[in-house]
Amino acid sequence: MNKNLALLFLTALLSGCSGEIVNKNSDIVEGYGITTDSGMVVSAHREGSVIGIEIMKKGGNAVDAAVATGFALAVCYPEAGNIGGGGFMLIRTGAGMCEVIDYREKAPLFASADMYLDKLGNVTEGLSLETHLASGVPGSVDGMIAAHKKYGKLPFREVIQPAIDLAEKGFPVTAEQSADFNANRAHFIERNRSLPAFVKDSLWKAGDTLIQKDLAETLIRIRDNGREGFYSGITARRIISEMKRGNGIISEIDLNEYRSVSRIPVTADYKGFKIITVPPPSGGGIILIQLLGMVEPYPLRDWGFHSQKTIHLIVEAERRAYADRSEYMGDPDFMKVNAGQLTAKKYILGRMSTFDEKSASLSREISPGSPGTETSEETTHYSVVDADGNAVAVTTTLNGTFGNSIVADSTGFLLNNEMDDFSVKPGIPNMYGLVGGESNSVQPGKRMLSSMTPTIVEKEGKLFLVAGSPGGSTIPTSVFQVITNVIDFDMNIQQAVDGGRFHHQWLPDNIIFEKNALDSLLVQKLAEMGHELKSRSAIGRVNAIQILSDGKRSGGADKRGNNSACGY
Ligand code: DON
C-alpha cells in the first residue's frame, strides 16, 4: 500500500470512532491517542481503564492499577477478562527491573495425552473447547495476588474493591457486548444448570445494566481470604461440584496446588531498542524476537509501510518463526525449551538464508530449523504506566469468547477452554489453525503453549513502549507490526495501533489480511509472487502506551473494539 492508501485506511478506521478527548471528573482524560503527564491505562473496557487510573490517584502504583483493572475486567469484560482463566503479567519497575509472572492455566492432574481422542484415535470435536473437560486449572487469581504481594503499595482489599462494587451495582454494556451476549445466549442456556447473569428475559441492547451478584460474592471471598478465597473453601467446592456435574476433572488437589511462577523475560536488541517480552510457556515472545531479528537487516523504512517488498519479507519471516513454534516450544517445566538458541541472532539470520526476494516459499518446504541441541476467540491485553515510570503489560484470557460458556456453579465466573491450546493430537490444528507435536502434548500439571505476547520496549535504557494484543496465533505478529510501525515507519502510537494488519503462520500456507488493509493491486502483485491471500475481519486488538521524548505518556487504544485509553 502506498502512503496515501495507508492514510485512507487509517481515516476509514477513524471514521465512526471519536478521537475526542473527554474530560471526565477533574483531570482524568479519556480517548484515542491521548497524551498525559502521569499515569495511563489502556484496556478493553472504559470501566477497567478508569478503575486503574482511580487506583493510581489514590496512591497506587502501576501494579496496583493493573491488578485493579484485571479484577474489574473480570466483571465488565467477561468475554475475556477473567478470574477463571490465566495470563502473563510483564512488569518493569521505574528502576528498570523486569519480571514475568506466569499465571497460565495448567492441565489437571487427571489429564492425559489422549483425553480428547475417540477409540479410533480421532479428535472428538468440541471436547477441548465446549465442555468441562476444556478447562485448565485457573491461574489468574494466584497470579494477580502474587504480583500485588510483591509490588503493590495499597492494601489488596482497596485494589479489588472497585471490581466488587462494579459487579454489585452493575454497568452499562456496550453495543458490542450486547451483541456478544446475544450471540452466545444459546450456549449459556444449554451449558449451565442455572441461568448466568449474562442471560436475561429479553435480548441485550447497548446501555442495559449487567449486575453480577454471584460474582460479587466470589470477589468478596477473594478480598477477605486472598488466594484461599478462590483455591479453597466455598469457591473451590463450587468449582469441584461444577466439574462433577459436567464430567470435568479439575480436583481439589489441582486447585490447592496451583501456583503462578516468576519467570525471567526474554530480551533482544532491535536496531538499538531493547525488546523485553515473555518466555515459554508462551511462544509469543520468541516468535516476536525471531521476527524482529529476521527483518532487521532489511531497509524497511526505505521500502515503506505495506509495500510489496515489506509484506513479502515479513510474511517469509513469519512462515519460518511459526514452523519453529510447532516443534520447539512448550512448557519449560516439562521440556527443555532452548529460548537462548531460538533467539540467537546467528540462528535467526540463518533461517532467512533461503529467503528469495522475488518469490514466496512453500510452507511444506520450510521445516522447523535446527537451533542446536542444547536442547471465535477472545483474549484481552492491557497496558499500564504510572507517574514513577513503573510499567505493566498484561495479556489474559479464557481462550474462546466467554471461555467454554460454563459458569462454575453459582460463583458467577466463567471457566476457560484453554486446554485446546495443547496440541490435542500431533499435526491436527487447534482452533487457531496452529499445529504442534510432542512438545505441546497434554500432560498432567503441564501448561499449554500460548501465543500471548505482553511486551515492553526500552530506548536508550528508558521505558519507551508497552504493548500486547489478543488474537490467538495472530498475537505475536500484531505486536510485531505495532513495534515496527513506531520504530521503522515513524508512526505515533495511535497510528501504529490503527494501521491495517496482515498475518502468516506457516500453516495454513496463506496470508490473511484485514479487509481494506491492502489494496487490490498489491494483493495481485503478492499473488503473482506465489502467495495465497485471504481477507478477513479485524486482526488483534492492541492496547499500547508510548513514552514520548518529553516523558509524557501517549495511549494507543485499538478501535477494533471498545478499547479505552484513560490517563491523568
Ligand atoms: O494463549 C493463547 O495463545 C490463546 N489461548 C489466546 C486466545 C486469544 O487470544 C483469543 N483472542 N482473540
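Start at an open site. In this predicted model, β15 makes the largest contribution to the lining of the second largest pocket, with three residues. The strand spans 462–467. β19, at 544–547, also supplies at least two residues of that lining. The space in this second largest pocket comes to about 340 Å³. Its lining counts 13 residues, and the closest to the centre include Lys-462 and Leu-463. Ile-547, Leu-548 and Ser-549 are also among the closest to that centre. By class, the lining holds five nonpolar, four polar and four charged residues.

The largest cavity holds about 110 Å³ of space. Its lining has 17 residues. Nearest its centre lie Asn-399, Asp-421, Tyr-432, Ser-451 and Gly-472. Eight of the lining residues are polar, five are nonpolar and four are charged.

What sits in the largest cavity? The ligand does. Around the ligand stand 16 residues. Thr-379, Glu-418, Asp-421, Ser-451 and Gly-472 come nearest. This shell divides into seven polar, five charged and four nonpolar residues.

β12 covers 377–385 and β13 covers 391–400, and each supplies at least two shell residues. β12 gives the most, with three residues.

Next, look at individual atoms. Thr-379 places a polar side-chain atom 2.4 Å from an oxygen atom of the ligand. Asn-399 has a side-chain N or O atom 2.7 Å from a nitrogen atom of the ligand. At Ser-451 the backbone takes part: one of its polar atoms is 2.7 Å from a ligand oxygen atom. How much of the ligand does the protein bury? Taken alone, the ligand exposes 340 Å², and the protein buries 97% of that.

Return, finally, to the ligand site. Asp-421, Ser-451 and Gly-472 are among the residues nearest the ligand, and these residues also lie nearest the centre of the largest cavity.

Key: Residues numbered from 1 in each chain as written. Predicted model: local features only at pLDDT ≥ 70, side-chain atom pairs only at ≥ 80, totals over all residues. Heavy atoms only, no water. Near = heavy atom within 4 Å. Polar contact = N/O pair within 3.5 Å; in protein donor to acceptor, adjacent residues only side chain to side chain. Areas by Shrake-Rupley, 256 points an atom, 1.4 Å probe, with all protein chains shown as cover. 1 Å grid on protein atoms, 1.4 Å probe; cavity = no way out; pocket = protein on both sides within 12 Å on 5 of 7 lines; lining within 4 Å. Sits in = over half its atoms within 2 Å of the grid points. Helix = DSSP H or I, 4+ residues; strand = E, 2+ residues; numbered from the N terminus. Nonpolar A, V, L, I, M, F, W, Y, C, P; charged D, E, K, R; others polar. Points joined across faces, edges and corners; volume = space filled by probe spheres on them.
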